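Here are a few backbone points to go through with the model open. Please have a look at each one in turn.

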Amino acid sequence: AAARKVFYGNNPDGTWLASQPYLLAKMAGLPESTDPSKVNFYHSQVFQKLNNSNIGNTTFFDDIFQLLPNHYLDLEQLKPVRYWPVNKLNRLTGDEVADKCSVILTGIIESIANRYEVMVPITGGKDSRTIFSATHKISNKVYYYLNKELGLSEKSNDLVIPRHLLTRLKLTFNITDPFQITVDKDFERVYRENTGFPLESFLPHIYNYYLNYSNKVNLPGVFVGSGFELYGTYDKGISP
């Protein structure tokens, strides 16, 4: 899902790597792009619609690149190398894929829970309920919660479905409201310094996690959207 990012670039001092391109550019003294197509894209509604995501391995800085999923970085040549898949994939049935993925997902989550306190957001969506199902053996260790988004009512599926589900399973369902907290100005300044195009809507959530849940590892689901985006189904009105 490319959730753990690596950015790399060159300047006279050598090769630099970081998890944020804007922080890397600031420390390495690398300028923003002057390419009109890049500048227009990064200030467009299309960029905002993509949750401020880069395209391919490019960034807003011509000398900084993003390492793509399934690649490692050869530091001697400063060259990304694909390590998987490198051969033709064997086709599997849906049931075979589900079995393999369930073992991997359950193993990852249980491994994290052995080391840290875990929190899992539950909504009416498929991705969060998939992660929820993978916690069934360790449910007594997990903090299940929902962020009360603006416009969310008591009749919203994102509230009704998880409340019914967790009540039925005799698990505690916690509701947190990040919009009731005033974001600290110093925190906001640091957030902006580290993010060139910050998503304003996420700032209350991030500050709430920092303020109240710094001791927990948060496990939201973000992978179902990759299928929607591949096939463009968000705006096609597909039924359940």
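Where is the place of Pro 85? Keep in mind as you look that this is a predicted model.

1. Pro 85 sits in the loop that runs between β5 (79-82) and α4 (94-115).

2. Next, Leu 78, in the loop between β4 (71-74) and β5. Leu 78 is not a glycine, yet its phi is positive, at about 50°. How accessible is Leu 78? Its relative accessibility is 23%, so Leu 78 goes down as partly exposed, given that buried means under 20%.

3. Lys 170 also deserves a look: here is another residue other than glycine with a positive phi, near 60°. You'll find Lys 170 in the loop between α6 (157-168) and β8 (174-176). Is Lys 170 buried or exposed? Lys 170 counts as exposed because its relative accessibility is 75%, and the cut-off for exposed is over 50%.

4. Now the sheet. Three strands make up an open sheet in the order β2-β1-β3, and the pairing is antiparallel. At the edges are β2 (14-18) and β3 (64-66), each of which pairs on one side only. From one strand to the next, the twist averages 25°.

5. Within that sheet, take the pairing of β1 (residues 7-11) with β3: it is antiparallel and spans three bridges.

Conventions. Residues numbered from 1 in each chain as written. Predicted model: local features only at pLDDT ≥ 70, side-chain atom pairs only at ≥ 80, totals over all residues. Heavy atoms only, no water. Pairing = 2+ DSSP bridges. Helix = DSSP H or I, 4+ residues; strand = E, 2+ residues; numbered from the N terminus. Axes fitted to C-alpha atoms, helices over the stretch in contact; angles between N-to-C directions. Buried < 20%, exposed > 50% of the residue type's maximum accessible area, 1.4 Å probe, protein only.
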